[in-house]
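Please keep the structure in view while reading.

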Amino acid sequence: MEHKASTFMKRFNYLLGETNAVYHDMAQRLGLSDSIMQILYSICDNGTSCLLQDICRNSGLSKQTVNSALRKMEAEELVYLKPAGAKSKRVCLTEKGECLSRQTAGKVLKIENEILSCWAKEDVQKYLELTEAFLTALREKAKEL
């Protein structure tokens with residue numbers, strides 16, 4: 001059983017790496033850095049604005065990386081920040097940012113939705129359940145390190 005698990009993990013890690021490489025390639029083809037693409041994706045998936053903390057959580061990027069990319073995006077007049085409570089900030093797309101978002105992250109979201117819409121609903125549900133179960137177990141085991 002140990003050997004099979006190792007073989008499965010090799011395949012899982014290969015597929016995860018290849019999936020990340022495809023997302024990187026899409027960002028590059030669309031003329032964006034990975035971090036800016038992930039920020040636009042998070043905002044686009046939420047509409048035209050998103051809480052800063054949600055961008056960090058949803059993208060997997062560190063707060064430092066997000067803040068650095070946001071400074072660049074502000075300088076390019078793609079986003080602006082506004083207070084959203086005592087300690088929160090909302091990242092909002094400018095008109096220019098909305099246009100860029102539709103042409104980049106919006107296309108990626110459309111591709112993903114097209115792919116998943118071709119799968120049986122039960123397959124999508126099972127895929128998500130198994131992925132979440134693996135993530136939950138991995139988080140718990142990581143605490144033991």
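A pocket is an open set of grid points with protein on both sides within 12 Å along at least five of seven lines, and a lining residue has an atom within 4 Å of a point. The model discussed here is predicted.

**Pockets**

By this definition, Leu51, Leu52, Gln53, Cys56, Lys63, Lys87, Ser88 and Lys89 line the second largest pocket. The space in this pocket is about 160 Å³. Helix α3 gives the largest share of its lining, three residues. Sorted by class, the lining of the second largest pocket holds three nonpolar, two polar and three charged residues.

The largest pocket has about 2200 Å³ of space. Its lining is made of 39 residues, and those nearest the centre are Leu16, Thr19, Tyr23, Tyr127 and Thr131. At least two lining residues come from each of α1 (2-29), α2 (34-46), α3 (52-59), α6 (105-117) and α7 (121-142). Helix α1 provides the largest share, 14 residues. In the lining of the largest pocket, 23 residues are nonpolar, 10 are polar and six are charged.

**Aromatic pairs**

A pair of aromatic rings is described by the distance of the centres and the angle of the planes. There are two aromatic pairs in the structure. The table gives both values for each pair.

| Pair | Distance of centres | Angle of planes | Type |
|---|---|---|---|
| Phe12 and Phe134 | 5.0 Å | 50° | tilted |
| Trp119 and Tyr127 | 5.7 Å | 90° | edge-to-face |

Why does the pair of Phe12 and Phe134 count as tilted? Planes under 30 degrees apart count as stacked and those over 60 as edge-to-face, with the rest called tilted. The planes of Phe12 and Phe134 are at 50°, so the pair is tilted. This pair links distant parts of the chain, since Phe12 is in helix α1 and Phe134 is in helix α7, 122 residues apart. Phe12 has 36% relative accessibility and is partly exposed. Phe134 is also partly exposed, at 33%.

In the other pair, the planes of Trp119 and Tyr127 are at 90°, so this pair is edge-to-face. Trp119 is partly exposed, with a relative accessibility of 36%. For Tyr127 the value is 46%, so Tyr127 is partly exposed too. Tyr127 is also among the residues nearest the centre of the largest pocket.

**Cysteines**

A disulfide is a covalent bond between the sulfur atoms of two cysteines. How many disulfides does a search of the whole structure find? The search finds zero. Cys44, for example, is in no disulfide, and the nearest cysteine sulfur, that of Cys50, lies 11 Å away. Cys118 is exposed, because its relative accessibility is 68% and the cut-off for exposed is over 50%.

The buried residues of α3 are Leu52, Asp54, Ile55, Cys56 and Ser59. The buried residues of α3 pack against α2, β1 (49-51), α4 (63-75) and β3 (89-93). Just after α3 comes Gly60, which has a positive phi of about 80°.

Ser42 is located in helix α2. Is Ser42 buried or exposed? At 6% relative accessibility, Ser42 counts as buried. Leaving out residues up to four places away in sequence, Ser42 touches Cys50, Ile55, Asn58 and Ser59.

Technical notes. Residues are numbered from 1 along each chain as its sequence is written. This is a predicted model: local features need pLDDT of at least 70, side-chain atom pairs count only at pLDDT 80 or more; totals for chains, interfaces and linings use all residues. Side-chain values use heavy atoms; hydrogens and water are left out. On a 1 Å grid over the protein atoms alone, a cavity is a set of points where a 1.4 Å probe fits but cannot get out, and a pocket is an open set with protein on both sides within 12 Å along at least five of seven lines; lining residues have an atom within 4 Å of a point. Grid points are joined across faces, edges and corners, and a volume is the space filled by probe spheres set on the points. Helices (H or I, at least four residues) and strands (E, at least two) are DSSP runs, numbered from the N terminus. Ala, Val, Leu, Ile, Met, Phe, Trp, Tyr, Cys and Pro count as nonpolar, Asp, Glu, Lys and Arg as charged, and the others, Gly among them, as polar. Rings of Phe, Tyr and Trp (its six-membered ring) pair if their centres lie within 6.5 Å; planes under 30 degrees apart count as stacked, over 60 as edge-to-face and the rest as tilted. Buried means under 20% relative accessible area, exposed over 50%, partly exposed in between (1.4 Å probe, protein chains only). A disulfide is a pair of cysteine sulfur atoms within 2.5 Å. Contact means heavy atoms within 4.5 Å.
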